[in-house]
Amino acid sequence: MMVLLQSLISGILIGGVYALIGIGMTIIFGVMRVINFAHGDILMVGMYLTYTLFSSLGIDPFVSIVITIPLMFLFGAFLQKVFINRMLGAHPQNQILLTIGLGLIMSNTMMLIFTSDYKIISTSYSSESFNVAGISISSPLAISFLITAAITLLLYWFLLKTNTGQAIRATAQDREAAQLMGINVRWMSILAFGIGSALAGTAGALISPTYYIFPQIGGIFTLKAFIITVLGGMGSIIGATLGGIIIGVAESVSAVYISSGWKDVVVFVLFLLVLLFKPAGLMGKSRM
Amino acid sequence: MATILEIKHVSKFFGGLAANSDVSFSLEEGMIMGMIGPNGAGKTTLFNCITGYYPPSRGEVIFKAQKISGLEPDRICRLGMVRTWQKVRPLAKLSVIDNVMVGALCRTNSLKTARELAMEQLKVVRMENKPDFPAGGLPIGEQKKLEVARALATQPQLLLLDEVMGGLNPAESDEIIQLILEIKKGGGITQMVIEHDMKAIMRISDRIVVINSGEKLAEGTPQEIVNNPEVVRAYLGDFHA
Amino acid sequence: MKSTLALIRTTAGTSPVATALGLAVLAGLFLFPSFVKSPYTLHIMILFFLSTIQGEAWNIIGGYTGQYSIGHVAYFGAGAYTTMILMQYKQIPPWYGMLAGIGVALVVSLIIGSICFRLQGPYFVLASIAVAEIMRLSAINLKDITNGAEGILITEIPVFKIGNTVVTDFLSKVPFYYVGLVITLVTILVTWMVQNSKLGYYFQAIREDQDAAHSLGISLPLYKNIALALSAVFTSLSGSFYAIYIGYIDPSTVLNLDISVQIVLVCIIGGIGTIWGPVIGAMVLVPLSEALRSDLIAGMIFKTGLTSEGSAIGTFLKENLAHAHALIYGILVVVVILFMPDGVLGWVKKLTVQKGRG
């Protein structure tokens, strides 16, 4: 029972970061109908940014997000403006290939700069943990979860209460209608890709104290970001939040009860089962 | 005359909204049934329910004495009912003849036979002079005719035309009207036509069904429809204003 | 041979010059090993065959049917692992292993197809990657069967006999050259047969407009599944062939997602949905990646005098260009998609049309 509780809690903690990744992807998909296959690679860029700030300037990874967030936003906006924007009306499959190509360029550029060696960020608290009622909780995971929760709340507030946020949601709901209403859809797309990338980059920063950093790490996160997006019903932000938590829990429970080598397999099988039985996502109504 | 298509109390809901509610009517073999109604009245939704793109939420569709509601569009096509699209859907990168051959291959496995069948249909729509032209590059009028030829190539007994004259100039519309009448004269093919052009629909239809807000408002001969005060109030009056 | 002739005649047009040229190329390919003895050149040719087979195979589902699979490494890996496991642990010769590999790849394709082809949207792309990843992780974890991350190494291939006559002992690269050539020709032939049949028309109709295809009597799940199964068969064959040729496989070489991207790249560079597109793609990509790997390009840059071998940039180039092929792939994908989405073939066609007009 204790073990189960333990793995549930660490699952929820890591799930918070997954939620951030998933929300980023869902916003991009919602506004532009583009599936961003470079999402995990953008996260990887965020990790290396954090690593550089830490190793050369000694900035703590959790503090460095104040630099990472704006930089990753600009990076995403740049990608959208220069590359993705040209392909908005194109065949969705060519959009997918374009983002795959961009991801390859990112991961291999990082490999040329940093080599493919594993990097680690070891802070004083990297392996620290504290006890709550007999359950041990990793400090970096707990901190990252709190930051995630704060960012997610801020994002909800932005999307629900501000004019720009509402314009983004309107564009996500119906691009053409939004255009007719006088919303600058191009600008919304740049914003969406910027926000999506900032969220992925932040997620990268937040997990960097607990993960190995290497150029090819992005692929697995891209795949998980999709799974979260599909699980939550493509385009739903609340769905993506829940999807992230579900994936986190599924992973950590299966790591304990099956083995850590199989935890990703469990997630992928879960995904296939969702496609088989509830393709509109757990939040959406099943439609065939 | 035997009944070829029977629509029995068909309703279609999207979320809580009814796009069609309790629509019933039937088609006799060989006739042309016109369907009119304002934009958003649910005509295309009804077409989609009949041809298998959505299963109706309630009610059933009977084609040649067989219940077809719930079947997939490809099954329904092979049973002998085919539709065209309001917004044309050419197989853009394929040539004109290849487009029609895809339709013909519904009845044969041989490319040679399919090519012959396709050529016949191209003659029907008078496009036999440019079989190798890429379909995506055709002007809209010819894309509409190509849709009809492709549908005819599946050798249907029932042809559903969704605003086949939409976006055409008067000369092109006239050509389509002639085409529809020729198909009727050829026999063997019943037609149901959604149309906005009132003059055209009055001219070609044997009977007309009026759809308004997802419901059947009226049904009758063109003369009866013109003289139906409810139709005049709901639709025609509006139209002439 | 008769059908190969027909293939050449039809695809190259009926002009006698083209037919003669096709026959000459074919004869040249068959006589090639008699004249060229360099094992390295033969190796490059074998890689070219492998790439062509994969490109043609992907083309059936991706190019003709329009269903992009970014998880084709699953079938490649299925062929490679099935053949190697059977040979290593059950002493089953690879030519039977290839058939078994095809069987496994078919099962995988049917699983993916039956899950995804009821749905429209991006699900197929995602699920094909997920299945490929499941297979890679399984290959790492199922150590008893696959030898895990260490992989499987074979030291000798059984002698291939028909009756009591020894056909080949697989000691040089020549037998591999011929096996590769034959599989390549068969793959091209099958693609040609598909293109010139009801299947080809239906596949392309699905690619152009699914709803229209559906309304014309085409069962979408059925024909997409057929296309995927056909594609899986040849991709699996290329996997088996690769495994026997190289003699070593592990999860990171035969189940790596990069291979999926590489397969797609062969197709889009050449021109998707055409018979010769993958051939041209392989002709571009194989020499390019070999040149990068063997420092040929760094050497050429030094020769042009842009930078010298001793300089900082020179050392950097020399050290890194060999690892940069994935970066180049990435750049190629982006450039091709943005500027020549119809590939080299489409680009050439456009040029000739413009020339004809001008």
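**Reading the terms against the values**

Q: What share of the contacts in chain A with a separation of 6 or more comes from residues 24 or more positions apart?
A: Residues 24 or more positions apart account for 77% of the contacts in chain A that have a separation of 6 or more, where two residues are in contact if their C-beta atoms, placed from the backbone, lie within 7 Å. This is a predicted model, in which local features need pLDDT of at least 70 and side-chain atom pairs count only at pLDDT 80 or more, while totals for chains, interfaces and linings use all residues. Residues are numbered from 1 along each chain as its sequence is written, and chains are lettered from A and ligands numbered from 1 in the order in which they are written.

Q: What makes α9(A) largely enclosed by the rest of the structure?
A: A residue is buried if 20 or more other C-beta atoms lie within 10 Å of its own, exposed if 12 or fewer, and partly exposed in between, with C-beta atoms placed from the backbone. In α9(A), 13 of the 14 residues are buried, so this helix is largely enclosed by the rest of the structure. For chain A as a whole, 53% of the 288 residues count as buried.

Q: How do you know that the reach of helix α9 of chain A is close to the expected one?
A: The expected span of a helix is 1.5 Å times one less than its number of residues. Helix α9 (residues 218–231) of chain A has 14 residues and reaches 20 Å from its first C-alpha to its last, close to the 20 Å expected. Just after α9(A), A:G233 takes a positive phi of about 85 degrees.

Q: What makes α11(C) largely enclosed by the rest of the structure, and how does the reach of helix α11 of chain C stand against the expected value?
A: Of the 27 residues of α11(C), 23 are buried, so this helix is also largely enclosed by the rest of the structure. Helix α11 (residues 220–246) of chain C reaches 38 Å from its first C-alpha to its last, close to the 39 Å expected. Just after α11(C), C:G247 takes a positive phi of about 85 degrees.

Q: Why does B:M192 count as buried?
A: B:M192, found in strand β8 (residues 190–194) of chain B, has 26 C-beta neighbours inside 10 Å and therefore counts as buried. Leaving out residues up to four places away in sequence, B:M192 touches B:L27, B:M33, B:M35 and B:L160.

Q: Is A:R33 exposed or partly exposed, and where does A:R33 lie?
A: A:R33 is partly exposed, with 15 other C-beta atoms within 10 Å. A:R33 lies in the loop between α1 (2–32) and α2 (39–57) of chain A, and its phi is near 60 degrees, a positive value in a residue other than glycine.

Q: Is C:Q91 buried or exposed, and where does C:Q91 lie?
A: With 8 other C-beta atoms within 10 Å, C:Q91 is exposed. C:Q91 lies in the loop between α4 (73–90) and α5 (94–116) of chain C, and its phi, near 55 degrees, is a positive value in a residue other than glycine.

Q: How do the residues of the side of chain A that touches chain C divide by class?
A: Here 34 residues of chain A are in contact with 36 residues of chain C, and the largest share of the chain A side, 15 residues, comes from α4(A). The chain A side divides into 25 nonpolar, seven polar and two charged residues, where Ala, Val, Leu, Ile, Met, Phe, Trp, Tyr, Cys and Pro count as nonpolar, Asp, Glu, Lys and Arg as charged, and the others, Gly among them, as polar.

Notes. Helix = DSSP H or I, 4+ residues; strand = E, 2+ residues; numbered from the N terminus.
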